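Let's take a quick tour of this chain, from its overall layout to the way its pieces pack.

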Amino acid sequence: MDNSNIASMFEMLDSSNKGSISFVQYKEALKTLGLCTADEVLKDDGHGVTFEKFRNEVCICPASLQAFARKL
């Protein structure tokens with residue numbers, strides 16, 4: 001999965017084009033991608049999650065992303 005795929009996912013989540021997504025959206029996306037579990041504790045800093053942070057987290061496990069892409 002390349003940067004354009006990750007950007008497309010982020011854009012779907014950021015439907016209002018704010019440049020960030022909510023922490024809830026972020027956590028649900030990571031769970032959907034298999035990059036975190038439902039009981040895993042993630043820190044919410046109270047700010048929206050930017051594309052850069054989203055990309056950095058999603059890129060930590062490319063095998064999970066490939067499995068997710070096959071489901072689409």
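Helices (H or I, at least four residues) and strands (E, at least two) are DSSP runs, numbered from the N terminus. Read that way, the chain goes α-β-α-β-α-α, with 4 helices and 2 strands. Keep in mind that this is a predicted model: local features need pLDDT of at least 70, side-chain atom pairs count only at pLDDT 80 or more, and totals for chains, interfaces and linings use all residues. Residues are numbered from 1 along each chain as its sequence is written, and side-chain values use heavy atoms, with hydrogens and water left out.

Of the 72 residues, 29% count as buried (under 20% relative accessible area, 1.4 Å probe, protein chains only). The largest nonpolar core has 14 residues; such a core is a set of buried Ala, Val, Leu, Ile, Met, Phe, Trp, Tyr and Cys residues joined through side-chain atoms within 4.5 Å.

| Helix | Residues |
|---|---|
| α1 | 3-13 |
| α2 | 23-32 |
| α3 | 51-58 |

Of these, α2 gives the most, with 4 residues. Y26 touches I21, L42, V49, K53, F54 and E57, leaving aside residues up to four places away in sequence; contact here means heavy atoms within 4.5 Å.

Now for a pair of helices. α1 and α3 pack at an angle of about 125 degrees, their axes 10 Å apart (axes are lines fitted to C-alpha atoms, for helices over the stretch in contact, and angles run from 0 to 180 degrees between N-to-C directions). On the α1 side the contact includes M9 and F10, and on the α3 side F54 and V58.

Note on methods:
Buried means under 20% relative accessible area, exposed over 50%, partly exposed in between (1.4 Å probe, protein chains only).
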